[in-house]
Amino acid sequence: MTDTTHATPYEPEPVQTAMDIHDILKILPHRFPFLLIDRVVELERMKRIVALKNVTITEPFFQGHFPDKPIMPGVLIVEAIAQAGGLLLLTEVPNRDEMLMVFTGIEKARFRRPVVPGDQLRIEVEVRAWRMTAARLEGKAYVDGKVAAESTVTCRLVPRQPASAASTPEEDS
């Protein structure tokens with residue numbers, strides 16, 4: 001008996017279990033001021049991710065939310081959950097430079113305690129269901145070990161450019 005290996009059409013590149021901001025910027029399309037993930041401390045392929053967001057007084061949203069009592073908007077905490085989940089999922093997409101992961105739903109969003117300047121959000125996201133084009137993710141954001149917010153988010157993988165917007169060589173001339 002001999003061992004044989006079978007070639008697969010696509011072998012995903014090895015995924016790091018931790019990422020710094022430079023690694024994140026290579027995968028997520030978000031940029032300042034809307035990039036809400038600073039670091040990944042754990043990543044288990046196709047299962048879960050743990051990311052960090054350092055909340056600082058220089059965040060643009062604190063100018064108006066609220067000037068005398070700055071609180072991170074809950075919807076941005078849910079966005080951070082979605083970005084962490086998107087980061088996890090996009091590591092598995094071979095043509096991710098051509099695709100976007102977009103929200104299709106937010107369910108069971110709960111906000112337990114305010115997030116303020118100086119806090120560090122620990123964002124833990126687990127995959128509940130996943131096909132290559134859509135996913136359901138459950139996330140919790142913690143501050144000092146206590147749940148600050150939680151939500152289930154659904155998302156879909158879509159082309160960055162609609163097919164009709166893609167140019168042909170004749171159009172470029």
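I take buried to mean under 20% relative accessible area, exposed over 50%, and partly exposed in between, with a 1.4 Å probe and protein chains only. I am working on a predicted model, in which local features need pLDDT of at least 70 and side-chain atom pairs count only at pLDDT 80 or more, while totals for chains, interfaces and linings use all residues. Residues are numbered from 1 along each chain as its sequence is written, and side-chain values use heavy atoms, with hydrogens and water left out.

**Entry: the chain as a whole**

I looked up the secondary structure, taking helices (H or I, at least four residues) and strands (E, at least two) as DSSP runs numbered from the N terminus. The protein chain has 3 helices and 6 strands, and along the sequence they follow the pattern α-β-β-α-β-β-β-β-α. Of its 173 residues, 39% count as buried. For contacts (heavy atoms within 4.5 Å), I noted that residues 24 or more positions apart account for 64% of those with a separation of 6 or more.

I then followed the strands, counting two as paired if DSSP finds at least two bridges between them. The 6 strands form an open sheet in the order E1-E2-E4-E5-E6-E3, with antiparallel pairing. Strand E1 (39-44) and strand E3 (99-111) stand at the edges with a single partner strand each, so one side of each has no neighbour in the sheet. Neighbouring strands are turned by 20 degrees against each other on average, direction ignored; here axes are lines fitted to C-alpha atoms, for helices over the stretch in contact, and angles run from 0 to 180 degrees between N-to-C directions. Helix H2 (residues 74-90) lies across E1, E2, E3, E4, E5 and E6, and runs at about 135 degrees to E3.

Going through the pairings, I found 7 bridges between strand E2 (residues 48-54) and E4, which run antiparallel, and Asn 54 has Gln 120 in E4 as its bridge partner. Strand E4 (residues 120-131) pairs with E5 in the antiparallel sense over 9 bridges, the two forming a hairpin with 2 residues between them, and Val 127 stands opposite Leu 137 in E5. E5 is joined to E6, again antiparallel, by 10 bridges, where Lys 140 has Glu 150 in E6 as its bridge partner. In the hairpin of E5 and E6, which has 2 residues between the strands, Asp 144 takes a positive phi near 50 degrees. Strand E5 (residues 134-143) is largely enclosed by the rest of the structure, because 7 of its 10 residues are buried.

Met 19 lies in the segment before helix H1 (21-27) and is buried, with a relative accessible area of 3%. Leaving out residues up to four places away in sequence, Met 19 touches Ile 24, Ile 27, Arg 39, Val 40, Leu 43, Leu 87 and Thr 91. Met 19 and Leu 43 are 24 residues apart in sequence, with their C-alpha atoms 8.8 Å apart.

Ser 151, in strand E6 (residues 146-159), is buried at a relative accessible area of 3%. A polar atom of the Ser 151 side chain lies 3.3 Å from the backbone oxygen of Glu 107.

Phe 32 sits in the loop between H1 and E1, and I found it exposed, with a relative accessible area of 68%.

**Entry: charged pairs**

Arg 122 meets Glu 42 (3.2 Å, N to O), a pair that links distant parts of the chain, from strand E4 to strand E1, 80 residues apart. Arg 122 is partly exposed, with a relative accessible area of 31%, and Glu 42 is partly exposed with a value of 31%. Arg 128 meets Glu 126 (2.9 Å, N to O) and also Glu 138 (3.2 Å, N to O). Glu 138 counts as partly exposed at 32% relative accessibility. Salt bridges that share partners join Glu 42, Arg 48, Arg 122 and Glu 124 into one network.

Terms used:
Polar contact = N/O pair within 3.5 Å; in protein donor to acceptor, adjacent residues only side chain to side chain. Salt bridge = Lys/Arg side-chain N within 4 Å of Asp/Glu carboxyl O.
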